[in-house]
Amino acid sequence: MASIYSCAECGTNLNLNTIHLYPADFYFEAGNKGTVSFSAMDATKFRFEKEDKFRPFFETIDYWGIQRNRTKIKCNGCGRLVGHVYDDGPPLTDSPGQFHFGPSQVIPRASRYRFKIKALRISSET
């Protein structure tokens, strides 16, 4: 069953397709709590704004890192912040990584479009 994702503020249909929805238990370095993530989206429904804040954050319990650049995703209808674009999606190559330790930060990764659940109105398609 497909879902319709609309902006919680203005009700604009954001045209997000459940075919591109990542599973809820899919691991991302930047986390996935309180959000839904998509591998693709209709860019005509959104405005993008670069965000270059670098500050310490906890990536996992055991790792202290520097926040990566990310891009704000804003609703084209009302300008509300609905999510961010991250570069921590699946690797774009089959490379085993340096010294065969698995994919690392240097291997290009697919974009992930992460939307805040509170910023969306999710309804079932009838």
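1. Are Tyr5 and Phe38 buried or exposed? In this predicted model, both Tyr5 and Phe38 are buried. Their ring centres are 5.3 Å apart and their planes stand at 85°, so the two form an edge-to-face pair. Because Tyr5 belongs to strand S1 (residues 3–7) and Phe38 to strand S2 (residues 35–38), this pair ties together parts of the protein that are 33 residues apart in sequence.

2. A second ring pair deserves attention alongside the one above. The centres of the Phe46 and Phe115 rings are 5.5 Å apart with their planes at 45°, so this pair is described as tilted. Phe46 sits in strand S3 (residues 46–51) and Phe115 in strand S8 (residues 112–116), so here the parts tied together are 69 residues apart in sequence. Both Phe46 and Phe115 are buried. The search of the whole structure gives four aromatic pairs, and ring pairs link Tyr5, Phe38, Phe46 and Phe115 into a cluster.

3. The next point is the nonpolar core. The largest such core holds 16 residues, among which Leu16, Phe46, Ile73 and Phe115 touch the most other members. Two or more residues of this core come from each of S1, S2, strand S6 (70–75), strand S7 (81–86) and S8. Leaving aside residues up to four places away in sequence, the neighbours that Phe115 touches include Leu16, Val36, Phe38, Met41, Phe46, Ile73, Val82 and Leu120, and Gly34, Thr35 and Gly83 are also on that list. As general background, nonpolar side chains in soluble globular proteins tend to be buried together.

4. The cysteines should be read with care, and the count of disulfides in the model comes to zero. The sulfur of Cys7 has its closest cysteine sulfur in Cys78, at 3.7 Å, which is too far for a bond because a disulfide is counted only within 2.5 Å. Cys75 is likewise in no disulfide, the nearest cysteine sulfur being that of Cys10, 3.7 Å away. Cys7 counts as buried because its relative accessibility is 0%, and Cys75 is also buried, with a relative accessible area of 0%.

5. On the overall fold, the protein has nine strands and zero helices, so that, by the way such elements are assigned, the order from the N terminus on reads β-β-β-β-β-β-β-β-β. Among contacts between residues at least 6 apart in sequence, 57% join residues at least 24 apart. Of the 126 residues, 32% count as buried, while the accessible surface comes to about 8100 Å², with 54% of that area belonging to carbon and sulfur atoms.

6. The protein averages a pLDDT of 79, and 71% of the residues score at least 70. Among the elements, S8 has the highest mean pLDDT, at 92, whereas strand S5 (residues 63–66) has the lowest, at 47. Over residues 60–65 the pLDDT is below 50, although this stretch has nine contacts in the model beyond near neighbours in sequence. Where pLDDT is low, the predicted coordinates should not be read in detail.

Conventions:
Residues numbered from 1 in each chain as written. Predicted model: local features only at pLDDT ≥ 70, side-chain atom pairs only at ≥ 80, totals over all residues. Heavy atoms only, no water. Buried < 20%, exposed > 50% of the residue type's maximum accessible area, 1.4 Å probe, protein only. Phe/Tyr/Trp six-rings, centres within 6.5 Å; stacked < 30°, edge-to-face > 60°. Helix = DSSP H or I, 4+ residues; strand = E, 2+ residues; numbered from the N terminus. pLDDT = per-residue confidence, 0-100. Contact = heavy atoms within 4.5 Å. Areas by Shrake-Rupley, 256 points an atom, 1.4 Å probe, with all protein chains shown as cover. Core = buried A, V, L, I, M, F, W, Y, C linked by side-chain atoms within 4.5 Å.
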